[in-house]
Amino acid sequence: MSSTVSKQTRITTRQLTMTALFVALIAVGAFIRVPLPNCPFTLQILFTTLAGIVLGSRLGAASVGIYIVLGLVGVPIFTSGGPSYILQPTFGYLIGFMVGAYVVGRIAETMDTLSFKRLLAGSILNLLIVYGLGMVYLYFIMNLYLGKPIGVEAVIITCFLIPVGPDIFLCAVAASLGKRIIKELQH
């Protein structure tokens, strides 16, 4: 197993510290943003992908889950906090971050030897999960709850075609950094 997290049930101090570090990085990544229509571009995909790669499936998803819970209880880490954020069009992306971190973490855990190509493939699969859940959620919240009709074509253009290039670049950065971080942590 190449990930730093084993299948143990007890969490070590190091794992707890690293999980907390990734919660903080994900929060910081939310505030580094480029405003785009409907879906702002942030560095969250970088940090949630790295969380899965470095922490593994369980703790990677947990770090994103903790971030989500903190925002929902009112800690000012979302653009607008509290439980009502569930009804914001971009909430589906947060769920996608958690599921995607789990998936890329499983891929990293099952690698016999660290492979940039496999980590990159896992990172891109993670990205597709985030986009899929995020775009579907956005479409339904905009059309059914907010009463601001948006077509499928507009969602694909503004929430996929515009940000996908930079996000694929961030996937490559995450795969490269993740491979280096795991190697350093194993020493």
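## Basis

This is a predicted model, in which local features need pLDDT of at least 70, side-chain atom pairs count only at pLDDT 80 or more, and totals for chains, interfaces and linings use all residues. Residues are numbered from 1 along each chain as its sequence is written, and side-chain values use heavy atoms, with hydrogens and water left out.

## Overall fold

The protein has 7 helices and 2 strands. These are DSSP runs, numbered from the N terminus: helices are H or I with at least four residues, strands are E with at least two. Their order along the sequence is α-β-β-α-α-α-α-α-α. The radius of gyration is 16 Å, close to the 16 Å from the globule rule for 187 residues, so the protein is as compact as a globular protein of that length. That radius is taken over C-alpha atoms, and the rule is 2.2 Å times the number of residues to the power 0.38.

The C-alpha trace spans about 55 × 35 × 25 Å along its principal axes. Of the 187 residues, 47% count as buried (under 20% relative accessible area, with exposed over 50% and partly exposed in between; 1.4 Å probe, protein chains only). Among contacts (heavy atoms within 4.5 Å) between residues at least 6 apart in sequence, 72% join residues at least 24 apart.

## Helix 4

Helix 4 covers residues 91–109. Its 19 residues reach 27 Å from first C-alpha to last, close to the 27 Å expected at 1.5 Å a residue (1.5 Å times one less than the number of residues). The helix is mostly covered, with 14 of its 19 residues buried.

## Aromatic cluster

The structure holds 6 aromatic pairs. Rings of Phe, Tyr and Trp (its six-membered ring) pair if their centres lie within 6.5 Å; planes under 30 degrees apart are stacked, over 60 edge-to-face, the rest tilted. Y67 and F78 have ring centres 5.4 Å apart and planes at 70°, so they are edge-to-face. Y67 sits in helix 3 (residues 57–72), and F78 in the loop between helix 3 and helix 4, 11 residues apart.

Y67 is buried at 2% relative accessible area. F78 is buried at 7%. The F78 and Y85 rings have centres 4.5 Å apart and planes at 35°, so that pair is tilted. Y85 is buried too. Ring pairs link Y67, F78, Y85, F91 and Y137 into a cluster.

## N126

N126 lies in helix 5 (residues 116–145). It is buried, with a relative accessible area of 0%. Its side chain joins that of T49 through a polar contact of 2.5 Å. Such a contact is a pair of N or O atoms within 3.5 Å; within protein, one must be able to donate a hydrogen and the other to accept it, and residues adjacent in sequence count only if both atoms are side-chain atoms. Not counting residues up to four places away in sequence, N126 touches I45, T49, G100, A101 and V104.
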